[in-house]
Amino acid sequence: MTEHGMRGQGLSGQRRLIIKIAAGGALVALLALLPLLNISIPGVFPGPTYTPGTLQLLAYAMLIAALALSYHLLFGLAGMLSFGHALFFAAGAYGLGIVLRRFSPDWLSPGATFLVAVVITVVLGFVLAAVVGSLSLRVTGISFAMVTLAFAQAGSVVVRRNPEGLTGGEEGLSLDVTNVPSFFVGVLNTRNLYWLALGVLVVVYLVVLWVERSRAGHVVAATRENDLRVRVIGIRPYGVRLLVFSIAGALAALAGAAFLLLQSGVSPRVATPDFTLTLLVIVVLGGVGLRWGAVLGAVVYTLLDQRLTALAGSDLIAGLPDVLRIPLSQPLFLLGTLFILVVLFLPGGLAGLAKLGEHRTPRGPRRARTIAAEGTTR
Amino acid sequence: MSTLVLLLVTGLGLGALYFLVASGLSLIYGLMGVLNFAHGSFLTVGAFIGWEVSRRLSDGSWWALVAAMLVGALVGALAAAATEFFLIRRLYNRHIEQVLVTVGLALATVALFEGIWGTDPTYVTSPAWLAQTTEILGARIPNNRFLLIALAVLVLVTIVGFLRFTRYGLIIRAGVENRTMVTALGIDVRRAFTVVFAIGGAAAGLGGVLASIYYGYVSAHIGSSLLIFAFIVTVIGGLGSLGGAAIASVLVAVLQQFANFYLGGTGDLAVVLALAAVLLVRPRGLLGAKGSTA
Amino acid sequence: MTDPIRTESPRTESIRTEPARTEPILRVRNLYGRIAGQQVVEDVSFDVPGTGVTALLGRNGVGKTSTIRSILGLIERTGEVTFAGSRVDRLPTHRIVQRGVGYVPEDREVFAKLTVTENLRLAERDAHPNRALVEALFPDLVQRRAQLAGTLSGGQQQMVSLARALLNTNRLLLVDEPTKGLSPKIVGEVTEALLAAAATVPILLVEQNLQVIRRLADRVVVLSGGRVVFTGDAADLLDDPELIQRYLGVHSGADPADTTTDAAVPA
Ligand SMILES: Nc1ncnc2c1ncn2[C@@H]1O[C@H](COP(=O)(O)OP(=O)(O)OP(=O)(O)O)[C@@H](O)[C@H]1O
Ligand SMILES: [Mg+2]
């Protein structure tokens with residue numbers, strides 16, 4: 001909408017676009033080279049960039065970033081406050097895990113079996129999201145939030161219940177490597193998994209970009225601002241919303257599938273509503289409504305979480321009196337508090353902070369507010 | 001027959017818990033449009049502190065239980081009022097941000113509870129009578145169910161009475177309908193917000209003490225797990241409707257008990273299916289106002 | 001000043017105050033109002049004198065309701081609003097109202113699920129609200145005091161809405177289309193009630209019915225395109241069919257196509 005209108009204005013718009021593409025390409029190239037370099041940032045990474053520990057952490061951050069991007073489609077673009085998005089990530093991780101265990105036909109080579117399994121998983125994510133979305137989107141605003149939460153909770157219950165021994169219950173599910181290409185297996189191949197995660201992030205980014213620029217993307221962004229205006233021109237918002245919801249679900253499933261490979265397994269934690277709350281925290285932390293805000297938020301959150309957890313276990317903390325030790329030894333307490341502070345005092349998130357220098361008005365808060373308007377008219 | 005009675009009464013007891021959480025959620029949503037994710041934390045903190053006090057007084061006596069319930073309700077009310085005053089109010093009319101703040105608060109407080117009281121459940125001791133059973137129509141029913149049901153009814157009656165017969169009640173009822181017009185009559189509706197949060201917090205805090213009798217323990221997650229069902233209850237009952245919340249609490253809990261018993265422990269799923277069914281047939285919930293599907 | 005001030009190009013000429021009269025009860029200067037980011041009131045300036053009825057006129061959708069709501073702080077606004085000598089444009093709605101403003105909104109906005117009595121109780125601000133006056137003006141409401149306001153007829157709801165404003169001792173009434181959708185008889189009753197009220201309190205009145213305007217208004221303020229295009233004595237506008245046609249888009253009353261009914265208002 002206006003975003004694109006503004007960007008397209010004048011010559012400088014064109015030039016800025018080229019600069020953006022070049023910068024993006026350079027960043028991806030740099031990230032791709034990282035495993036070959038020896039860069040140490042003490043306090044941020046656990047070791048030099050070529051070590052499996054650091055690569056694992058970075059790959060994890062990139063997959064969370066991909067997931068956050070898919071969530072951005074819902075919340076940032078379409079203004080749908082879903083509390084059930086983790087369901088589709090879990091569907092991707094568990095889905096691939098289960099398909100790899102149960103689907104191993106003789107007439108397919110292991111490599112082909114693996115690819116087919118991934119495709120099945122992503123399609124599964126799409127279909128599941130379409131089913132959940134078709135019901136939840138019957139309501140809007142706050143009810144929608146609650147209903148998606150309920151579905152996520154149901155998913156979480158199913159996973160823990162371990163139906164037919166499919167999900168492994170509380171133990172979780174480990175990766176069956178029979179049909180997984182060997183270059184994706186084992187700690188020694190973390191580097192390949194890192195590249196896989198980077199690939200997934202780039203793919204998800206491009207799909208999100210494409211959706212945002214598509215007609216459906218424009219319509220759904222318009223429904224966020226003003227439902228009525230879209231109805232007036234003869235489009236039922238339900239359909240486009242459902243489409244975007246399903247695409248976001250498929251992307252989340254893709255990230256989940258890569259997550260299974262990276263962690264060589266999956267635990268029921270990723271199916272909990274709490275995990276979706278984490279996603280929400282990430283997107284808001286980064287800056288609602290901005291693609292790279294979601295990415296930034298995911299990276300900052302993951303690194304912070306990791307560092308704070310390390311801090312919690314340190315001797316420094318153990319020596320403190322209770323009033324300080326207890327809160328400081330709970331990473332989620334600190335992250336939750338940080339989140340509250342961001343919402344209260346930094347409505348545009350981290351990206352908004354960066355934008356503040358550029359423009360007068362950060363876009364984040366206004367967006368969030370117009371979303372809210374939907375639920376309040378009485 | 002006896003199984004049926006047992007399931008029914010147990011369902012009513014669980015429904016009482018749901019109602020204690022859902023009543024506050026529904027009132028808060030109805031008046032302010034805020035979906036309060038921190039409501040479970042009011043419940044948990046009420047339960048923890050209530051039992052801390054009770055344990056220091058005496059273990060397992062009736063008056064220690066009464067003290068626990070009073071303290072629980074008070075702590076819940078204070079926590080809720082403080083939340084409204086320091087966090088929600090700053091984001092007046094920005095509903096999404098208000099939800100986000102309560103999400104942050106829920107995450108932070110649950111972590112804090114884990115830090116203070118540990119991740120393992122803390123078992124509670126209540127009067128011996130509550131652990132015994134009474135026979136009704138051949139069913140041996142745990143006595144604590146009766147306490148739960150009686151207190152939930154008491155809370156319902158108190159809230160209804162408050163809404164009906166006090167000036168604040170009048171303001172709240174009017175505000176649920178048309179908040180703008182209430183301010184246009186010269187009334188500072190924000191004070192009613194604090195009151196509503198406090199009432200909801202008190203019910204939740206009391207619910208926390210009762211939930212720990214029902215389950216036999218307190219844990220940092222007791223509130224958040226009940227909260228999800230309370231959300232479902234408020235949607236099924238109709239957002240903002242106290243009566244709807246009461247009816248839906250009982251329906252959901254009884255359904256859950258029956259499905260758990262007769263359909264191989266599928267109670268949680270049955271509840272979500274019921275939610276889906278209600279959404280398909282009647283998106284605004286059982287007693288929801290017309291047009292309030294948002 | 002007998003000449004109406006015509007500000008055809010509103011930016012060029014600001015509103016001149018009238019030195020002969022007393023301080024206005026309400027002074028509005030450069031008021032802007034916005035709904036959902038959309039400008040609905042644009043640079044509006046006018047005065048409401050301390051006595052009599054000032055009518056705020058203009059075609060549908062021109063921003064009359066929005067102007068009133070901006071004055072009350074019910075929508076996002078900027079500009080200067082001075083009420084009884086002090087600025088109120090930064091105060092929250094309830095504080096403005098507490099200073100002595102009675103508001104009768106467009107479409108009544110009674111609380112449908114409260115009884116008539118409850119609606120009135122809620123509106124009582126004063127220690128000694130004037131229940132006797134309201135009961136005398138609207139005897140119908142006394143009979144129906146236990147009825148839910150949502151089940152009242154449109155006319156009865158309008159009486160509840162008016163009664164809410166008349167219960168308290170106010171220094172200004174803001175009344176938005178009190179006769180909208182009412183039968184001629186009720187229009188007459190509402191008009192008389194407002195006329196009685198106008199004896200003690202100044203009123204800013206939005207109204208479409210020309211006969212009602214003729215009966216009540218002392219002065220008029222006309223909005224067009226979100227701005228003030230005319231202010232002056234009511235007679236100056238109402239006696240000039242050409243002006244009425246231009247500003248309000250209606251004929252002065254003789255035309256059969258005119259929806260405003262002469263018979264409605266007792267002379
Ligand atoms: N909630 C809203 N959202 C968007 N636009 C609005 C809203 N309320 C009013 N408007 C717009 O603001 C403008 C002014 O409306 P307003 O109600 O003030 O007009 P009015 O002069 O009172 O009209 P009428 O004589 O029909 O009552 C209109 O163009 C209207 O469409
Ligand atoms: Mg109007």
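Modeller: Please keep in mind that this is a predicted model. Chain B has a mean pLDDT of 89, and 98% of the residues in chain B score at least 70.

Biologist: Which elements of chain B have the lowest and the highest mean pLDDT?

Modeller: The lowest mean in chain B belongs to helix α5 (residues 128-131), at 83, while helix α3 (residues 62-88) of chain B has the highest, at 94.

Biologist: On to the ligand, then. Which residues come nearest to ligand 1?

Modeller: There are 13 residues around ligand 1, and those that come nearest are C:G61, C:K64, C:T65, C:S66 and C:E106. Taken by class, the shell around ligand 1 consists of three nonpolar, six polar and four charged residues.

Biologist: And which element gives the largest share of that shell?

Modeller: That is helix α1 (residues 64-71) of chain C, which supplies three residues of the shell around ligand 1.

Biologist: What do the side chains of C:K64 and C:T65 do there?

Modeller: The side chain of C:K64 has an N or O atom 2.7 Å from an oxygen atom of ligand 1, and a polar atom in the side chain of C:T65 is 2.6 Å from an oxygen atom of the ligand. A further contact comes from C:Q208, where a polar side-chain atom lies 3.0 Å from an oxygen atom of ligand 1.

Biologist: How much of ligand 1 does the protein cover?

Modeller: On its own, ligand 1 has 630 Å² of accessible area, and the protein covers 61% of that.

Biologist: Changing topic to charges: how many salt bridges are there over all chains?

Modeller: A search of the whole structure gives 21 of them. As background, side chains of opposite charge can pair when their charged atoms come close. One of the pairs is in chain B, where B:E52 and B:R55 form a salt bridge with an N to O distance of 3.9 Å.

Biologist: Where do B:E52 and B:R55 sit relative to each other?

Modeller: Both are in helix α2 (residues 39-57) of chain B, and because they are three residues apart in that helix, about one helical turn separates them. With a relative accessible area of 36%, B:R55 is partly exposed. The pair also belongs to a network of salt bridges that links B:E52, B:R55 and B:R56.

Biologist: What about B:E135 and B:R140, buried or exposed?

Modeller: B:E135 and B:R140 are both exposed, and they form a salt bridge in which the closest N and O atoms are 3.6 Å apart.

Biologist: Which salt bridge links distant parts of a chain?

Modeller: In chain C, the side chains of C:R34 and C:E76 meet in a salt bridge at 3.7 Å, N to O. C:R34 is in strand β2 (residues 26-35) of chain C and C:E76 is in strand β5 (residues 76-83) of chain C, so that the pair links distant parts of the chain, 42 residues apart. C:R34 is partly exposed at 31% relative accessibility, whereas C:E76, at 52%, counts as exposed.

Biologist: Now chain A. What does the side chain of A:E212 contact?

Modeller: The side chain of A:E212 makes a polar contact of 2.7 Å with the side chain of A:R291. A:E212 is part of helix α7 (residues 190-213) of chain A, and it counts as buried because its relative accessibility is 6%.

Biologist: And B:T158, where is that?

Modeller: B:T158 is in helix α6 (residues 144-165) of chain B, and it is partly exposed, with a relative accessible area of 49%. A polar atom of the B:T158 side chain lies 2.6 Å from the backbone oxygen of B:L154.

Biologist: Last topic, backbone angles. What is phi at A:N162 and at C:E109?

Modeller: Most residues other than glycine have a negative phi. For A:N162, phi is positive, near 60°, and for C:E109 it is also positive, near 50°.

Biologist: Where are A:N162 and C:E109 found?

Modeller: A:N162 is in the loop between α6 (141-161) and β1 (173-174) of chain A, and it is partly exposed at 27% relative accessibility. C:E109 is in the loop between β7 (101-104) and α3 (116-123) of chain C, where, at 23% relative accessibility, C:E109 counts as partly exposed.

How values were computed: Residues are numbered from 1 along each chain as its sequence is written. Chains are lettered from A and ligands numbered from 1 in the order in which they are written. This is a predicted model: local features need pLDDT of at least 70, side-chain atom pairs count only at pLDDT 80 or more; totals for chains, interfaces and linings use all residues. Side-chain values use heavy atoms; hydrogens and water are left out. A residue is near a molecule or strand if one of its heavy atoms lies within 4 Å of it. A polar contact is a pair of N or O atoms within 3.5 Å; within protein, one must be able to donate a hydrogen and the other to accept it, and residues adjacent in sequence count only if both atoms are side-chain atoms. Accessible areas come from the Shrake-Rupley method with a 1.4 Å probe; for residues, only the protein chains shown count as cover. Helices (H or I, at least four residues) and strands (E, at least two) are DSSP runs, numbered from the N terminus. Ala, Val, Leu, Ile, Met, Phe, Trp, Tyr, Cys and Pro count as nonpolar, Asp, Glu, Lys and Arg as charged, and the others, Gly among them, as polar. A salt bridge is a side-chain nitrogen of Lys or Arg within 4 Å of a carboxyl oxygen of Asp or Glu. Buried means under 20% relative accessible area, exposed over 50%, partly exposed in between (1.4 Å probe, protein chains only). pLDDT is the predictor's confidence in each residue, from 0 to 100.
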